[in-house]
Amino acid sequence: MTQSEIPSQSLAETGRGVQSPRPLTRSKSNPIKFVRSLLRLLKGRPQVPSSLAHHALLDVIMKRRSVRSFSEREIPDDVFAAILEAGRLAPSTVNLQSWSFAAFTAETWRATFERPLPFQGRRAIIVMGDTYRDRLVLDAFPQSPLIEYTIAVVNASLAAMNMNLAAEALGVSSVMLSETGRTGVLDARYLKQVLCLPDGVFPLLTIVFGYPRGSYPPLPPKLPLDQICFAQHYREPDRSVMEDWLAQMKAGYKASHLRSSFEAQLRLYESKIGRAESDLQAMVFRGERKER
Ligand SMILES: Cc1cc2nc3c(=O)[nH]c(=O)nc-3n(C[C@H](O)[C@H](O)[C@H](O)COP(=O)(O)O)c2cc1C
């Protein structure tokens, strides 16, 4: 779809205003809806114009999936070095490079955290926002801790994606984790202690790498472009499209986690989020104010 094809009329313009929010997770299970949603999910494909069907980089981006089952095959040192180099060369605000990476083999991970890498991964990188290092030579954000934090999160996330795509291009699969195995932002305080992080260095996510065991999972339900992209003014999302997406998420989750559900997964996140919120507030803002 070209930009001119994207409808730009917003609900605000039509005078209908914002729809009242309704909790999206509340719904009864319905076997027919489940099967329909699952079939729709399985039909999902990347939408690439046929003229660009075999572009090498586009292919890597379109075929990437979060993989959660890895084989025992080791990732060679030069391949892992190239992945880290892709992170080092990522773009960043004023080239501040406000990130740090902690790199692990399966063995060093086990020695550090006293448990195996999630999903039998062979290597991992914990990606952190880092506002500590720059301060040795620069005080770029003296009165703006939120801006400084946000910029570091943006920069570190870009580095994470560079590493993710470099891995994919080299035939190595990966998954980013914020929760599983105490590896991300929800376990920031724990990671700060174990990794001896100074104030201003905050873990965001862990990328677990390995060669995939078995085939890639199907494309998870991605929202249509006309729901996420607008031309001039924000376009109010279509509730029926959102409900359809949610039904596909639930169906996909049920099909792959027979004893769990999408709702149960969200509740697991909720149970950790409250504590993680106060931990992170203290780590990112209070700690930094003390330093100044
Ligand atoms: C920042 C971030 C954190 C994530 N945390 C987890 C996680 O804790 N556990 C997990 O299984 N997947 C996690 N994922 C993977 C997402 O579930 C996955 O990207 C999403 O379902 C879309 O699937 P796709 O990557 O195959 O397109 C995370 C992804 C990102 C970007």
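Predicted model: local features only at pLDDT ≥ 70, side-chain atom pairs only at ≥ 80, totals over all residues.

Residues are numbered from 1 along each chain as its sequence is written.

**The overall layout**

- The chain has ten helices and four strands; helices (H or I, at least four residues) and strands (E, at least two) are DSSP runs, numbered from the N terminus.
- Reading from the N terminus, the order of elements is α-α-α-α-β-α-β-α-β-α-β-α-α-α.
- Of the 292 residues of the chain, 25% count as buried. A residue is buried if 20 or more other C-beta atoms lie within 10 Å of its own, exposed if 12 or fewer, and partly exposed in between, with C-beta atoms placed from the backbone.
- Among contacts in the chain with a separation of 6 or more, 78% link residues 24 or more positions apart. Two residues are in contact if their C-beta atoms, placed from the backbone, lie within 7 Å.

**The nonpolar core**

- In soluble globular proteins, nonpolar side chains tend to be buried together.
- The largest nonpolar core here has 41 residues, and Ala 124, Val 127, Met 128, Ala 156, Met 163 and Ile 207 touch the most other members. A nonpolar core is a set of buried Ala, Val, Leu, Ile, Met, Phe, Trp, Tyr and Cys residues joined through C-beta atoms within 7 Å.
- At least two residues of this core come from each of helix H4 (77–88), strand S1 (99–105), helix H5 (106–113), strand S2 (123–130), helix H6 (145–169), strand S3, helix H7 (188–195) and strand S4 (201–210).
- H6 gives the most to this core, with nine residues.
- Leaving aside neighbours within four places in sequence, Ile 207 is in contact with Ala 124, Ile 125, Val 127, Ala 160, Met 163, Asn 164, Ser 174 and Met 176.

**Around the ligand**

- Which residues are around the ligand? They are Arg 65, Ser 66, Arg 68, Val 175, Met 176, Leu 177, Ser 178, Glu 179, Thr 180, Leu 205 and Pro 220. Here, a residue is near a molecule or strand if its C-beta atom, placed from the backbone, lies within 6 Å of it.
- Strand S3 (residues 173–177) gives the most to this shell, with three residues.
- By class, the shell holds five nonpolar, three polar and three charged residues. Ala, Val, Leu, Ile, Met, Phe, Trp, Tyr, Cys and Pro count as nonpolar, Asp, Glu, Lys and Arg as charged, and the others, Gly among them, as polar.

- Helix H2 (residues 31–43) and helix H9 (residues 239–256) have axes that come within 8 Å and cross at roughly 95 degrees. Axes are lines fitted to C-alpha atoms, for helices over the stretch in contact, and angles run from 0 to 180 degrees between N-to-C directions.
- H2 and H9 are therefore roughly perpendicular to each other. Angles under 35 degrees count as roughly parallel, over 145 as roughly antiparallel, 65 to 115 as roughly perpendicular and the rest as oblique.
- On the H2 side, Lys 33, Phe 34, Ser 37, Leu 38, Arg 40 and Leu 41 meet Ala 247, Gln 248, Ala 251, Gly 252, Lys 254 and Ala 255 in H9.
- This contact has six nonpolar, three polar and three charged residues.

**Single residues to look up**

- Gln 97 lies in the loop between H4 and S1. Although not a glycine, Gln 97 has a positive phi of about 55 degrees. Is Gln 97 buried or exposed? Gln 97 is buried, because 20 other C-beta atoms lie within 10 Å.
- Gln 120, in the loop between H5 and S2, also has a positive phi, near 60 degrees, in a residue other than glycine. Gln 120 counts as partly exposed, with 15 C-beta neighbours inside 10 Å.
- Ser 215 sits in the loop between S4 and helix H8 (225–228). Ser 215 counts as exposed because it has 8 C-beta neighbours inside 10 Å.
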